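Please read the following points with the structure open beside the text. They are set out as a colleague's note, in numbered paragraphs.

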Amino acid sequence: MYIDIDSLRPDHLGAYGYHRNTSPNIDRIAEKGVTFTNYYASDAPCAPSRNAMFSSRFGIHTGSINHGGLDADVRPIGADRPFNHHHTPYQAWVEDLRFKDHHTAMISPFPGRHAKWNVLEGFLEMHDTGKHAGETAGDVAKEALNWIKGRGTEKEDWFLYLNFWDPHTPYRTPTEYGNPFEHSPAADWLTDDIIATQRESFGPMSARELPARNHWPNLPEEISCREDFKRWIDGYDTAIKYVDDHVGQLLQALEEEGISEETTIIISADHGENQGELNIYGDHQTADHITSRIPLIMAGPDIKHGHIDEEFHYQIDLGPTLVELVGAEPRERWDGASFLPTITKGETTGRDYLVVSQAAWSCQRGVRYENWMLIRTYHDGLKDFPDLMLFDIENDPHETTNLVEKKPEVVAKGLRLLDEWVAEQMITSESPTDPMWNVIQEGGPFHTRGDFNNYVKKLRNEGREDAAEILAKRHQKFQKIYNKRN
């Protein structure tokens with residue numbers, strides 16, 4: 001049972017050291033299994049991440065890196081396209097589970113919400129919960145409980161993927177649930193001084209421009225002080241706690257049906273959620289540590305108990321791992337690499353470094369190596385980002401201090417690793433084009449495409465002339481593209 005909790009940050013779970021009691025049921029799973037601390041989505045946000053995960057291929061290879069435009073869909077294979085993908089290099093890993101006699105099912109509105117129908121490859125059943133990602137954990141759990149008590153007991157081997165959405169803005173926890181964190185302080189890394197600096201800056205979902213669709217009570221319209229931040233984080237954490245309650249219901253159902261001890265549980269997410277980091281609140285607009293790092297917790301009969309793995313892994317590595325677990329072989333075109341020895345024996349199987357990408361809200365690639373995260377921005381998506389940012393993740397996990405000027409040798413290494421990675425992927429690609437540049441030539445990331453002129457006017461109308469000038473100067477290089485698009 002794969003439980004995909006949208007926008008779930010690992011550092012807001014007890015199993016990862018969070019100070020609030022957001023996740024007692026998830027933590028219970030972690031105690032009995034393996035917890036990964038450096039597990040990253042290769043491509044963010046939602047659609048590129050799940051496309052990469054289910055195909056076990058980087059977005060630079062599939063072409064699916066955006067939420068709209070030519071690079072939202074997977075590239076066609078072309079003249080060599082087979083009749084179907086069965087037992088070919090292009091086969092999705094869920095098909096391998098099916099061919100190993102697992103009954104495969106999905107409970108999620110995701111394929112319809114994002115028109116990502118290709119992620120259904122290999123699934124024998126698909127249940128759309130019908131609210132276009134507006135469903136609560138109760139809606140999803142109801143379907144899942146019915147499935148467990150039906151198909152879950154009828155079939156000897158099965159793979160159930162289900163999708164909770166509650167931690168994705170706008171937070172929609174039912175009002176009657178209340179606020180379990182009313183008297184619990186928010187994390188103290190975000191100071192009033194940082195907030196004051198952010199308010200002089202700009203960008204979608206920044207401190208002065210929070211999402212307007214606030215469904216949970218008492219959420220602030222802006223972040224102007226620590227109290228506003230607490231109210232905002234209360235909404236996010238309450239959503240996580242609400243999901244965790246329903247995870248508990250699923251665990252109880254497995255126990256009641258007598259199949260708990262023989263079921264492998266997987267807890268993960270499609271991406272994280274910036275909550276003030278880089279002046280973004282409640283969204284996933286970057287290729288940084290916060291958006292790209294996601295939880296992975298696995299527990300089950302073949303999984304090592306109480307193990308913590310700190311090595312670097314991508315979410316595209318999960319599929320090959322599960323395939324190897326059921327006795328099948330990875331496919332030739334997959335970019336993912338199995339970490340089966342880690343979950344069964346606690347052995348080291350990690351990668352030397354990771355490259356993560358974003359092209360729906362900004363065009364960025366980030367390199368995670370040693371204790372560093374280097375972020376290269378190609379198009380800022382109307383946010384206040386310099387071309388390069390470097391953060392010491394070990395000592396500054398919330399990315400408050402850009403060390404580019406102080407650590408030139410570290411920057412040089414990160415840029416070399418990024419260049420090596422891009423070259424390696426393009427050499428093995430079936431297309432001569434890096435899709436990141438397609439997105440830029442289309443006018444930039446989908447969610448801010450065509451908004452530049454109006455956004456500059458908005459800043460000026462609000463008396464934020466300095467911010468408008470900074471943004472206008474940075475976007476001079478895109479004017480030929482913007483003019484062509486207009």
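1. In this predicted model, the charged end of Arg50 sits over the ring of Trp165, at 5.2 Å from the centre of that ring. The charged end of Arg50 also sits over the ring of Phe110, where the distance to the ring centre is 4.8 Å.

2. How are the rings of Trp147 and Trp158 arranged? Their planes stand at 75° with the centres 5.1 Å apart, and planes over 60 degrees apart count as edge-to-face, so this pair is edge-to-face.

3. The two partners belong to separate elements: Trp147 lies in helix H6 (residues 137-149), and Trp158 in strand E6 (residues 158-164). The pair therefore ties together parts that are eleven residues apart in sequence. Are these two residues buried or exposed? Trp147 has a relative accessible area of 5% and is buried. Trp158, at 13% relative accessibility, counts as buried too.

4. Turning to helix H1 (residues 24-31), which of its residues are buried? They are Asn25, Ile26, Asp27, Ile29 and Ala30. The elements that cover these buried residues include helix H9 (226-256) and the strands E1 (2-5), E2 (34-40), E7 (265-268) and E10 (296-299).

5. The axes of H1 and H9 come within 7 Å and cross at roughly 55°. The two helices are therefore oblique to each other. On the H1 side, the residues in contact are Pro24, Asn25, Ile26, Arg28 and Ile29. On the H9 side, they meet Lys241, Asp244, Asp245, Val247, Gly248, Leu251 and Glu255.

6. Strand E10, which is among the elements covering the buried residues of H1, is itself covered on both faces. Leu296 and Met298 are buried on one side, and Ile297 and Ala299 are buried on the other.

7. What joins E10 to strands E2 and E7? Three bridges join E2 to E10, and these strands run antiparallel. Four bridges join E7 to E10, again in an antiparallel arrangement.

Key. Residues are numbered from 1 along each chain as its sequence is written. This is a predicted model: local features need pLDDT of at least 70, side-chain atom pairs count only at pLDDT 80 or more; totals for chains, interfaces and linings use all residues. Side-chain values use heavy atoms; hydrogens and water are left out. Buried means under 20% relative accessible area, exposed over 50%, partly exposed in between (1.4 Å probe, protein chains only). Contact means heavy atoms within 4.5 Å. Rings of Phe, Tyr and Trp (its six-membered ring) pair if their centres lie within 6.5 Å; planes under 30 degrees apart count as stacked, over 60 as edge-to-face and the rest as tilted. A charge sits over a ring if NZ of Lys or CZ of Arg is within 6 Å of the ring centre and within 35 degrees of the ring normal. Two strands pair if DSSP finds at least two bridges between them. Axes are lines fitted to C-alpha atoms, for helices over the stretch in contact, and angles run from 0 to 180 degrees between N-to-C directions. Angles under 35 degrees count as roughly parallel, over 145 as roughly antiparallel, 65 to 115 as roughly perpendicular and the rest as oblique.
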